[in-house]
Amino acid sequence: MRTSKLLGSLAAGALLLLAAGAASAQTIGFSQVGSESDWRTAFSADMKAEAQKRGIDLKFSDAQQKEENQLKAVRSFIAQKVDAIIIAPVVVTGWDQVLKEAQAAKIPVFIADRAVESDPSLFVTRIAADFNLEGRLAGAWLAQASKGNCNVVELQGTVGSAPAIERKKGFEAVTALFPNIKIVKSQSGDFTTSGGKEVMESFIKATDGLKGICAVWAHNDNMQLGAIQAMKEAGLHPGKDILMVSVDGVPDIFKAMLAGEDNASVELKSDIGKYIYDVVQGYLKGKRDYPKWVLIPSDLHTPADAAMVLKMKGG
Ligand code: AHR
């Protein structure tokens, strides 16, 4: 009799624990930009792996670089009554209405990676690197590598996206201090390898094989990798005759550095799921004193540390 009572209360306890466990499993909606670059793919993989580690039920939506897909995804997260929403926005504009809808539904929104231009009261915080600083680091590297004399061709990221806007501004803020550094051609390659290759092919044509050009500045590594392909196909020597600087620090750019075909990349960290979920879960537990921008640091890398960084990235 005593044993069956004990078993009964153990079973009840186990049921309570199960119920508590089920109640605490958080459902988080994540609207991701797409899979346009190696950096983005690594970031998505990290967000999924980190969610699994933490027992988060992650609703992942790939917007294929279209804001309209993101708006639909966020509205569906609201309808599903998720506990929190994370958005990595394609472009900076067009967010106010959907953010107001999430706020009305009392679902906290966290902006990750790219920024929005909306009223900051519509989201909890943004967890992201400083894109302007990345542009300034790239510009400073080029100023010293070219001794302040350089005609630059620029491969811009997606038009209207925070990294394209801020990296351009940051790069120009530094290079404007050097009267003999000029951006002579600039076009968007949409952050993709194929976009970078296509734009570089047109630059090569327009400048008769990059005559008088001293550097390629790309807003991300994938466009730079595309540019390297185009230059090699045209018989040019990227990284030797032309300085190459970009942003992201993906494994293939370090491989290009080690092959002598690239010179510098500012690393944008992709394993940032831990920082993002720390903030989201902290908020869901009641912590409220977050700054409006939780900053993730960025560093510049060159062939001098390429092998070490590549090893650290498991490449
Ligand atoms: O928002 C970050 C940028 O988006 C990365 O630099 C680029 O690779 C990606 O597409």
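In what order do six strands form an open sheet with parallel pairing? The order is 2-1-3-4-5-11. A second open sheet of six strands is mixed in its pairing and runs 7-6-8-9-10-12. This is a predicted model: local features need pLDDT of at least 70, side-chain atom pairs count only at pLDDT 80 or more, and totals for chains, interfaces and linings use all residues. Residues are numbered from 1 along each chain as its sequence is written, and side-chain values use heavy atoms, with hydrogens and water left out.

**Terms**

- Helices (H or I, at least four residues) and strands (E, at least two) are DSSP runs, numbered from the N terminus.
- Two strands pair if DSSP finds at least two bridges between them.
- Buried means under 20% relative accessible area, exposed means over 50%, and partly exposed is in between (1.4 Å probe, protein chains only).
- Contact means heavy atoms within 4.5 Å.

**The parallel sheet**

- Strand 2 (57–62) and strand 11 (293–296) stand at the edges with a single partner strand each, so one side of each has no neighbour in the sheet.
- Neighbouring strands of this sheet are turned by 15° against each other on average, direction ignored.
- Axes here are lines fitted to C-alpha atoms, for helices over the stretch in contact, and angles run from 0 to 180 degrees between N-to-C directions.
- Strand 5 and strand 11 run parallel and are joined by four bridges.
- Ile127 stands opposite Val294 in strand 11.
- Helix 10 (residues 273–284) lies across strand 1 (27–32), strand 2, strand 3 (84–87), strand 4, strand 5 and strand 11. Helix 10 runs at about 150° to strand 3.

**The mixed sheet**

- Strand 7 and strand 12 (299–301) are at the edges, each with a single partner strand, so one side of each is left without a neighbour in the sheet.
- The twist averages 20° from one strand to the next.
- Strand 8 and strand 9 (residues 243–248) run parallel, with three bridges between them.
- Trp217 stands opposite Val245 in strand 9.
- Helix 8 lies across strand 6, strand 8, strand 9 and strand 10 (264–267), at about 150° to strand 9.
- Helix 9 (residues 251–258) packs on the sheet and touches strand 9, strand 10 and strand 12. The direction of helix 9 makes about 155° with that of strand 10.

**Helix 7**

- Helix 7 has 14 residues and reaches 20 Å from its first C-alpha to its last. That is close to the 20 Å expected at 1.5 Å a residue, where the expected span is 1.5 Å times one less than the number of residues.
- Its buried residues include Gly195, Val199 and Phe203.
- The buried residues of helix 7 pack against strand 6 (150–156), strand 7, strand 8 (215–218) and helix 8 (221–233).

**The disulfide**

- A search of the whole structure finds one disulfide (a pair of cysteine sulfur atoms within 2.5 Å).
- The disulfide joins Cys150 to Cys214, with 2.0 Å from S to S.
- Cys150 lies in strand 6 and Cys214 in the loop between helix 7 and strand 8, so the pair ties together parts 64 residues apart in sequence.
- Cys150 and Cys214 are buried.

**Positive phi angles**

- Asp113 has a positive phi of about 65°, although it is not a glycine. Asp113 is in the loop between strand 4 (109–112) and strand 5 (125–129), and is buried at 4% relative accessible area.
- Asp190 has a positive phi of about 55°. Asp190 lies in the loop between strand 7 (181–188) and helix 7 (193–206), and is partly exposed at 33%.
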